[in-house]
Amino acid sequence: MTERLPARGLLDRRGALKTLGLGAGALAASTAMPGFIQAQSSAPIRIGFQVHRTGIGASYGRWYDRTSQAAVKRINDAGGINGRMVELVPEDDGTDPKRGAEVVEKFATQSKCDVAFGTLFSHVVIGSAPRAGELKLPYFVVSEGHHVASGMLNRYTLQPGITDVKSQVQAMAPFVSQNLGKKVCMIFPDFAFGHDHRDYFSKAFEAQGGTINAKIAIPPTETSFTKYFPQIPRDTEVIYHVMTGPAVLTFVKELGEFFGPSRPELFGFIDSLEAVDMSSPGLEFLEGSYMWEGNPRYAQADQTEYDKAYREAVGVDDNGASVSDGKDVSTYAHMFGCWETLNIIKAGMEASGYQGPDDRAALIEAVEAMTDMPEGMDHPQGAKRFNGKTHQVFGHQYISKVEGGRMNRVHTTSIEDTLYEDEVDYTTQSF
Amino acid sequence: MGRGLVLHLCTIALLAAAFFVLPAYHSGNLARIMVLAIYAMGYNLAFGYTGLLSLGHALFFAAGMYGLSLAMTHLAIPALPALGLALVAAGVVAGITGALALRTRGVAFMIVTLMFAQAGYLTALYFSEWTRGEEGFVIPQAMRNIAGIDLSGETGRYFAALFLFAVVLLLIGALVRAPFGRTLIAIRENEARATMLGYDVQRLKWIALVVSGMISGLAGAAYALLFGYAGASFAAVPYSIFPLLYVLLGGAGTTLGPLIGAVFMFYLIDLSSGLTDAYMLVAGVVLVALTLFLPQGILGTLRKRGLPWLP
Amino acid sequence: MDFGPHLMLAMLEGAVAAAILALTAMGLSVVFGVMRVVNVAHGEFYMLGAVIAWFVATTLGTHPALGFVAALVIAPALVGALAAAADKLILQRIDYDPERTIVATIGLLYIIQQGTLMTFGPDARPVEPPFNSRIALPWYEWVDGKLSFYYPWGLSITSYKLFVIAAAAAILVALWLFMTRTRAGLIMRATQQDSQMAQAFGIPVSRVYALVFGLGAALAAMGAVLVVPIQQAHYLMGADPLLLSFIVVIIGGLGSLPGTVIAAILIGMSDGVISVFFSPTLAKILATLAVAMVLVFRPQGILGKKAH
């Protein structure tokens, strides 16, 4: 029942309808997209966009949506892909893996999308990817999870627009050990995302000659944190924190109240503070601390022309907030991945001469063949290097210091810092 | 052959025919709905027939899901024996939970089951080394077949779901007609009287809960097997609420109510998510409207108004 | 940190948690005590309280203390009115049937939660505390056989957290006076004892029920207004307090008000203290199971009377 040939499938079903004589005709006709065949050459390329509109990921979803709409507008303004316009088909996944899988099915079989694209939260990606593979629908994710490169997913799932957590974390180790301190206490949420940080960072950091003197796991449902802080050893030089979710402001605030005037160095991941205003009460404690940023939220002094144009296209001001509402802060460190992924879909479709669903395998092969991607309007976050075997991209990471309530970039890692050994070769899997 | 059995067989035949008639999207949905309906049928046995309002069935669903998927991915056990393990896992969890929770009744029973399920959810997160916690994991596609039938293909998946659905439907249909089922209903209607009549009410309730848990676990295992994913979100509170919702909507204590409820709810969410971001709002409105205007659910109301033979 | 100060800190944090929990759970307990229904939407009333507090504080935009005081009045009033309306429109019509009430309040839960998502949005929003200064706390040690005090690293609390404890206690005392010393409280207690008899004596039971349901929700909202300068307003924040309130109300004995306070202190404190000794997630699992066991083996709770 896979839809290699939508036209044929349509006729079959019509035939079946007649012979069985059941009255489901209206339903079938309304969902089978009449006129699909004739219009194919000029019809828009449809990109199913799985987006977190509701659920815990909704803040990310809002900005993933804006960024993707802006990227599609730019592509269309420049003539579309292979002479065809691009149309985003957004559908809420509820930040839920079951609904995510349903949405991917809808893209493949109902809304007749050419490819699927989207979402951030790892459980939605992992829940959806098997269905994408089975329905042979290319599925481009912007999730930063290590699930793609770990080999857990399949040949139809790619992550070409954003680096994964393993890259990000291990690339931080040299900077932390050379600039902040050798004794690190890690505080992380006690579930898979936090465990990835714990495992990848401690391995990379110990390779740098540092020691992890405590690993403090915070239960996922926790809303107050002070009671955990006494476990921080006295000789701690750096606290590494990666809390996520709505309670993160509480976390920072209570950390500040715990330490008072004297604190160790702090190193954190901006994941926790995406879509959060740095001037929120309680965050003043982060002054002077360091943050990983996938892409610097505040326009830097040496801002590239690409970043400037990208900001303008998406509608983000120099402080990383919406141009129409300064309190509406973006998820700047991640959402560039949507922009870049859509440009890669375009490049892949152009390289493979993509015409329709029959060319999906060719599209994937074209993307797998990609390697170095130069910084530019298609890749405003910076240059990238794609690994076709693991379906994962590698790129520069940024470290910023919080100064005067804004974040200033103090370090840029090399792409080499983010590389690790291949764990899978998807190109050996058949289509 | 009674009218009830004829209705069940017709339903199964109709579902089989639907695969060839419906567009791919809807037949794909129906495969998933049948799995959810199995879950709701399991829930219905406890809630609809025995009167046990549990808020913790996600624990049994997850026990089945993890029973199968951990065995397949970590122990490389093939799908069919893994399915057996899933049933055992769900049965054991339901047996222990039931033995404890059934010492309580009413509101306390609801809360105890809710808390056991919450503990189960946290346990799935805690052992992330194996479960990958909330992220979950993929069951390798190559392993997802039984007797040469590829369960990851559309046809294999649909008919596997239908097969399991049919088995459970016929089982429940037979069960509720048997003396055992009638006694359960008697317990639901008046527990004191059932005790007085000499029934071992505690034991019967426990058996009902274990069977209910195993059917729920079967649904969890089927989801993992057919859709290739297992994760802790299936152990969380909403998945304890969903079967309650389906059963109430379709009609508690009716054999086909769970299916009707699952179909109705699935499409309500699917269609309303195109209209509004907050599609769970629709679920809320439906729940309130149901309690106000249709307390017996769809089939329960039909049964009351002219179709008294409805199973 | 040394064991002593660590335990002290955990207990202080536990006391703050217990204070909020006592208010929230008290709301649930009052409703159950008088009306004998379980309100699953209780956590959403709590969430609404926090969200309204944010609206009030940002709309006023004046000194945080003024916004906070305004929120402390407006949020419970609005939430209480909403709950009373829900009681009139929904619960009275289904005649407080226990199971249908649960289903209806689950529906209400989704309606409130998703309605908040549509208006307030998905972000966590902070409210500034009216005052907040860090207070370092001393600890004692024996030096050469003499008692001396010092300030250990990290042992501190904030003035606002102390205020939360005091405010919660004051509200609870006020509630107790209301229930025992006023006519309205007397009517409530009469309705709790025997609603049919109360009806016979001319008490407008349906109005009492609406009032009680509103009062229960207002208490949850008050707890939320107090907590929102420590945590943040977020549309999914109602789930945790709901579960904890359930636990407290049951351990305390359904409908027993003193039992609820004692259980809130017990649960709030133990949540803090257990984390000193165990891996926290494991501790949460064990604590959840332990509470379930209390329910199984002593379903009437600690202070509740045996059901007849």
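I looked for polar contacts (pairs of N or O atoms within 3.5 Å, one able to donate a hydrogen and the other to accept it; residues adjacent in sequence count only if both atoms are side-chain atoms). Across the interface of chain C and chain B I found one residue pair in polar contact, both at pLDDT 80 or more. I then searched this interface for salt bridges and got zero, with the rule set at a Lys or Arg side-chain nitrogen within 4 Å of an Asp or Glu carboxyl oxygen.

The model is predicted, with local features needing pLDDT of at least 70 and side-chain atom pairs pLDDT 80 or more, while totals for chains, interfaces and linings use all residues. Residues are numbered from 1 along each chain as written, chains are lettered from A in the order written, and side-chain values use heavy atoms, without hydrogens and water.

Next I took contacts (heavy atoms within 4.5 Å): 37 residues of chain C touch 36 residues of chain B. The buried area (accessible area lost on putting two parts together, 1.4 Å probe, summed over both) is about 3,300 Å², 86% of it from carbon and sulfur atoms. On the chain C side, C:V103, C:Y110 and C:V296 lose the most area to chain B, together 18% of what that side buries.

I checked which helices (DSSP runs of H or I, at least four residues) supply the chain C side. α3 (64-91), α4 (98-119), α9 (239-251) and α11 (280-297) each give at least two residues. The largest share, 13 residues, comes from α4(C).
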